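I opened my notebook for a look at strand pairing and salt bridges. Here is what I looked up, entry by entry.

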Amino acid sequence: VRINRHDDVSTNVVVAGAAPIQAQYQVFFMKKLWINAVPGRDTNADQIFHFHQELPKYLRGFHKCTKQDATKLAAIILHARLDNDHSQVQAAVQHVKDLIPADLAKAASSSEWKKSILSEYKKSGNITMEQAKLRFLKIIYEWPTFGSTFFEVKQTTEPTYPDIILIGINKQGVNILHPQTKVCNTLRFGSGGFKCFSFRMFWQRMNSQS
Amino acid sequence: VAASSQNYQLGEAPFYHRTRHFAFRTAVPPSPLQIPNNFEVIFSRDEILCQICKQLTNNPTKASHARGWILLSLCIGCFAPSDRFLNYLRAFVRAGPPGYAPYCEGRLNRTFKNGTRTQPPSWLELMATRNKNPINIEITFMDNTTHVVEVDSASTAEEICKEISTKKNLKDVFGFSLYITLFDKVMSLGSDADHVMDAISQCEQYAKEKGQSERNAPWKLFFRKEIFTPWHNPAEDPVATGLIYHQVVRGLKFGEYRCNAEGDVASLIATQYYVDNGAQMNPEVLHTRIGEYMPIYLVKKGQNNLDGWERKIKDAFSKLLCVRNKLPPIKAQEFMVKYAKNTWPIMFSKFYEALQIGGPQLPTKNVIIAINWTGIYMIDDQEQILLELSFCDVNLVSFERIANSQMHKLVLTTVRNEEFIFHCPEAEGICTLIQYLLDGLKKRSVYVVAIQDYKHPTNAPSFLAFKKGDLIALKNGLTGEALMSATWGYGECHGSVGDFPTEHVYILPAITEPPADILVAFKKDGVLGPKQPTAPVLNTMQRLKLYTLAHYAAEHFRTGKKIATTKTSVLTAARRASREELWKYTNEPIYQPHLQKLMTNEELSKEACSSFTAILKYMGDLPAPKAKYSNEYTDQIFSAALKDDMLKDEVYCQIMRQLTFNRLSLSEERGWELMYLATGLFIPSASLMTELQKFLTSRTHPFVQPCLKRLQKSQKIGPRKYPPYSVEVEAIQHRSMEIYHKIYFPDDTDEAFEVDSVTRACDLCRTISSRLELENTDGFSLFVMISDKVFSIPADSFFYDFLHELIDWMRQTKPSWNSAYKSTRRCVN
């Protein structure tokens, strides 16, 4: 089994357009475990950490999300970026990739996406950056994969699963996801009492249970 | 009287004659204001002041009262009262009439600052005091420009030179002095504490002696170059060069400076012509102006035909380097200054009268000591050089103040161990000047001479081998200055190059290769043997208070090897001296650990020895290449100790040892850096902890308190797992005890937070959370992004430990990483 760890952290740095690494390293302070991350409870944590860490995962397409939700969220992301500066909206909406999950990009043409996002944006009226970030989190929070750390896993033993699967770990447990359909198979912590000594062990244990 | 002993004339006037020293101070008829100025009679100074004060108290006569106050301010301008009387006098002056009170108090303060005068007040001062006017005097420069300075009774040559230098934008001020001339007499006031008014007062007395009125005494003050440094470079300061150039031009004209060859005279005049008129030789101009240029002594009275000289000058002109290369005029001036420095060293000397009282006999006891850039000369009153010492000949110069006397003792010791002793009023000034020149030469010197045989025990070819008296030329841009603070030097001897211990050599005060006869002196026995501890920073009493590991060593250290007592060692405390003292600084590597308890474990013993070698390298006590990365040597020192508690004690003992009686300030400073780093890593065992605390608290180094604080924290939080991270090492090497680390946040912002050696990830998380006003730290963590990887720092891990481990790992797994990390390519494998 080979693990490709798509850490939310590194992705975020690239999305945020961090300057080329000049120092030998950079030290980040970030949310690691999303146990008590309830949107609205800690304003500063939401604004500085939760939104900025969840957004890249969302855009990579790790969550199961409908086209409708994606349009709504894209409008909210625009609000979070523009902070009521409506003059910039035409320019901002050009980069559809920065607004919708990667796996939905082909669900409609680029101009269709732009059109629906813009109409959703106009419908929602004035929303400040802070409000938009919170609204985004509140929607994502309802999903079972909220606050996960995702791993792309290449499996070699289970013929019924595709070669590459996606594993997301959050407070709910371990979610095994089909990379395209995002059909979720949740393994709740404490339910089977399994231990994660190594990925191989964990994999076998999971096999035996399914 | 002292002021007049540095006498020297300048070729100012046609009545130039070559008597170098003279006295303004022939029997002076007692002036109405003759003031006792013997040092023994401080009592009588107070007496005089008391008498004046008395006459000023309830004095009904207006005129007498006014004259009394003038007298009092004159006196105060010349000498200060004793400490006992000072406050009474100050109070008396303050209560005086408003016209005099602040004026007198100002003068009192000035006299107190600049010291007592040696001469009675001058007529000039008397006039100024009567009208309470400032005194303005004119200083003439060698280019005939003048500058007026305001002075008072207390003004010193130093103050005036300083003012002039600032006004003239003169940078290279050394060797410029104030001179005073009267009739055919010239006197240097130097550029130090001599009072200008003393000199003027002497001139007035001398004029009176010659039957002139003191008020018309035609004295004149000049500002000119008195002495060059051996390393003088005319290109350094064009202002200084301009002044010296005009001094030389003027001296040539009046015969002060004379050339032996006519060709030189022609060249010098050609150079002047070039400075004045440029590269085009116009025979007409030369013909009309040759009279201005020619030295007076070379032109016979009534001689009009100078055709021969004109030819010679034209010839010399065409050969001038400046003319041929069209150099700027300033270069021509520089050439002239260089020529003067090299041709007339004795004319650019400081002269001191002295009486020889000991040492190898000179033909006469009364000598003049001339000091210039080439060396030190003893001259008799016939200008015969009795003795010549180059700076290389001088080993030591010192002076001794003799109480209640104007004569002080000056001792000059040569490298041949001759000791010349003189009595001289300016012993201190001579000593300071020679010392300044010696120090300057040694700093710039690239020549050292062996004072002991040396051969490295291993015969390794990277070390020099030499015999006492061998000349070593420093290499790799090393100079005497760098050598003074180093334990190892690098140089060439007998055609081979290598490292050598600096305590085996003596830095020669020479910029050019010293003559062989100097080296012969160093070959002899008894001359400059093994160095005695030079200039200990702390005296013995202070040293005794410094806590050492002596007692701890007796109990816990292995027994030192027996060492053969050398001839030079003093045989007191024989029992101790015969053993190697393992708790005192050394620059030799060890082959066994210090602690007895480690002796049985071969592996730990080895680790102990290699950590000590790394300490020697870090502190510069053993020649070693520059660390490849800042924590290379510290890793070697601390890595093993972090894994074993016994080695922790050993490392502390090693550092304390190297900080005990370490006479090399650079090495000691680096030792303190190690101590600082160690205290942030781990603590020693309880028994050694007590020793360490005593060791630290008995010392005054600025690191002591920070070290104690770090020990406390380390004790509370526990030991680190890794040696200091490079940032920690670099910070303390720059004497910075606070390190701020940049932390990035997901929203693309960042902030700097203080992180010290004992900061754990969870500590930093708490600090950040509270700064960002987060509700709690649950679920937050620190991450390090390096190359294409991201790592989370475990909460209980020390921040720098984690970074150290990570960088080590990167270095091992990706040797090319150091150069490749700049690439921003992200690869997912």
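**Strands and salt bridges**

I began with one bridge pair: B:Leu474 has B:Gly491 in E15(B) as its bridge partner. I kept in mind that this is a predicted model.

Next I looked at the strands around that pair. E14(B) and strand E15 (residues 488-493) of chain B pair in the antiparallel sense, over 2 bridges. Strand E13 (residues 447-450) of chain B is joined to strand E14 (residues 471-474) of chain B by 3 bridges, also antiparallel. Among the partners here, B:Val448 goes with B:Ile472 and B:Val449 with B:Leu471.

Then I stepped back to the sheet: 5 strands of chain B form an open, antiparallel sheet in the order E16-E15-E14-E13-E17. Strands E16 (496-501) and E17 (505-507) of chain B stand at the edges with a single partner strand each, so one side of each has no neighbour in the sheet. I noted that neighbouring strands are turned by 40° against each other on average, direction ignored.

In one of them, the closest N and O atoms of B:Lys312 and B:Glu262 are 2.6 Å apart. B:Lys312 sits in helix H11 (residues 307-319) of chain B and B:Glu262 in helix H9 (residues 262-277) of chain B, so this pair ties together parts 50 residues apart in sequence.

My last entry is a network of salt bridges that links B:Arg110, B:Lys113, B:Asp152 and B:Glu159.

Note on methods: Residues are numbered from 1 along each chain as its sequence is written. Chains are lettered from A and ligands numbered from 1 in the order in which they are written. This is a predicted model: local features need pLDDT of at least 70, side-chain atom pairs count only at pLDDT 80 or more; totals for chains, interfaces and linings use all residues. Side-chain values use heavy atoms; hydrogens and water are left out. Two strands pair if DSSP finds at least two bridges between them. Helices (H or I, at least four residues) and strands (E, at least two) are DSSP runs, numbered from the N terminus. Axes are lines fitted to C-alpha atoms, for helices over the stretch in contact, and angles run from 0 to 180 degrees between N-to-C directions. A salt bridge is a side-chain nitrogen of Lys or Arg within 4 Å of a carboxyl oxygen of Asp or Glu.
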